[in-house]
Amino acid sequence: MASGASNTAINQPQDGLFDISLIVNGVTRTARVPARRLLSDCLRHDLRLTGTHVGCEHGVCGACTVLLDGVAVRSCLMLAVTADGARVTTVEGLTGPDGKLSPVQQAFADCHGLQCGFCTPGFLTTITAALLDNPEPSPEEAREIIGGNLCRCTGYQNIVKAVLRAAELGAELRAAELGAAEPRAAELKAAAPGRADGS
Ligand code: FES
Ligand code: FES
């Protein structure tokens, strides 16, 4: 037998199922999946994370968008086995550990950015990723950010407002975190000379 054929045999499990491991929303999750299992189906059916919605299943609507190592991807266009070892953030992972809504989620609530909600998980993940790259989008950039996601209910205007509101909330959060960090940094600085001279 040629050595190439032998390598193929080693990588192909006899039952046709592959063991994969993903870090989903900060938690290591494992699954046994066929090679053809879509990441979207793996999340929904194997890992029971049904917040990721499936609309078109061919990359058009954006409802299935998740973050893969921080980058927005369409999980209906990706095989679960190709995500093995990656960090995945689904809509369930946007909320803080204390249950607090993320700035993007809060902005959707503030601006009435959803109606039926089917498209919403995809918008939330898409906008979250985009604001990491561009925390202060202009109204035109806000439209571009959501340009690849479809919504049949809202007419998009309130979603554009939600992008801009999320940017504001994100800025407020960063300012608050900086404000909390500065007194602590000042405390440490004040304490440092004492430590240095042994007092
Ligand atoms: S379900 Fe993936 S893009 Fe529509
Ligand atoms: S809120 Fe219904 S499809 Fe977007």
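## Terms and model

Two strands pair if DSSP finds at least two bridges between them. Helices (H or I, at least four residues) and strands (E, at least two) are DSSP runs, numbered from the N terminus.

This is a predicted model: local features need pLDDT of at least 70, side-chain atom pairs count only at pLDDT 80 or more, and totals for chains, interfaces and linings use all residues. Residues are numbered from 1 along each chain as its sequence is written, while chains are lettered from A and ligands numbered from 1 in the order in which they are written.

## Overall fold

The protein has six helices and five strands. Along the sequence they follow the pattern α-β-β-α-β-β-β-α-α-α-α. Of the 199 residues, 36% are buried. Buried means that 20 or more other C-beta atoms lie within 10 Å of the residue's own; exposed means 12 or fewer, and partly exposed lies in between, with C-beta atoms placed from the backbone.

Two residues are in contact if their C-beta atoms, placed from the backbone, lie within 7 Å. Take the contacts between residues at least 6 apart in sequence: 58% join residues at least 24 apart.

## The sheet

Strands of a sheet pair through backbone hydrogen bonds, either parallel or antiparallel. Here five strands form an open sheet in the order S2-S1-S5-S3-S4, with mixed pairing. Strand S2 (27–34) and S4 are the edge strands, and each pairs on one side only. From one strand to the next, the twist averages 40°.

Aspartate 19 sits in strand S1 (residues 17–24). Aspartate 19 counts as exposed because it has 11 C-beta neighbours inside 10 Å. Leaving aside neighbours within four places in sequence, aspartate 19 contacts Thr30 and Arg32. Its C-alpha atom is 5.8 Å from that of alanine 31, twelve residues away along the chain.

## Strand S3 and its partners

S3 (residues 65–68) joins strand S4 (residues 71–74) through four bridges, and the two run antiparallel. Threonine 65 stands opposite arginine 74 in S4. Leucine 67 has alanine 72 as its bridge partner in S4. The S3–S4 hairpin has two residues between the strands, and aspartate 69 takes a positive phi near 50° there.

S3 also pairs with strand S5 (residues 87–89), antiparallel, over two bridges. There leucine 67 stands opposite threonine 89.

In a regular strand the side chains alternate between the two faces of the sheet. Both faces of S3 are covered: Thr65 and Leu67 are buried on one side, Val66 and Leu68 on the other.

## Helix H4

H4 (residues 120–133) has 14 residues and should span 20 Å at 1.5 Å a residue; its end C-alpha atoms are 20 Å apart, which agrees. The expected span is 1.5 Å times one less than the number of residues. H4 is mostly covered, with twelve of its 14 residues buried. Among them are Phe123, Leu124, Ile127 and Leu131.

Leaving aside neighbours within four places in sequence, isoleucine 127 contacts Val104, Ile145, Ile146, Val163 and Ala166.

## The nonpolar core

A nonpolar core is a set of buried Ala, Val, Leu, Ile, Met, Phe, Trp, Tyr and Cys residues joined through C-beta atoms within 7 Å. The largest has 46 residues; Cys42, Ala80, Val104, Ile127, Val163 and Ala166 touch the most other members. Helix H6 (residues 157–196) gives the most to this core, with seven residues. Domain 1 (17–93) and domain 2 (103–190) each supply at least three residues to this core. These domain bounds come from an automatic or database domain assignment.

How values were computed: Axes fitted to C-alpha atoms, helices over the stretch in contact; angles between N-to-C directions.
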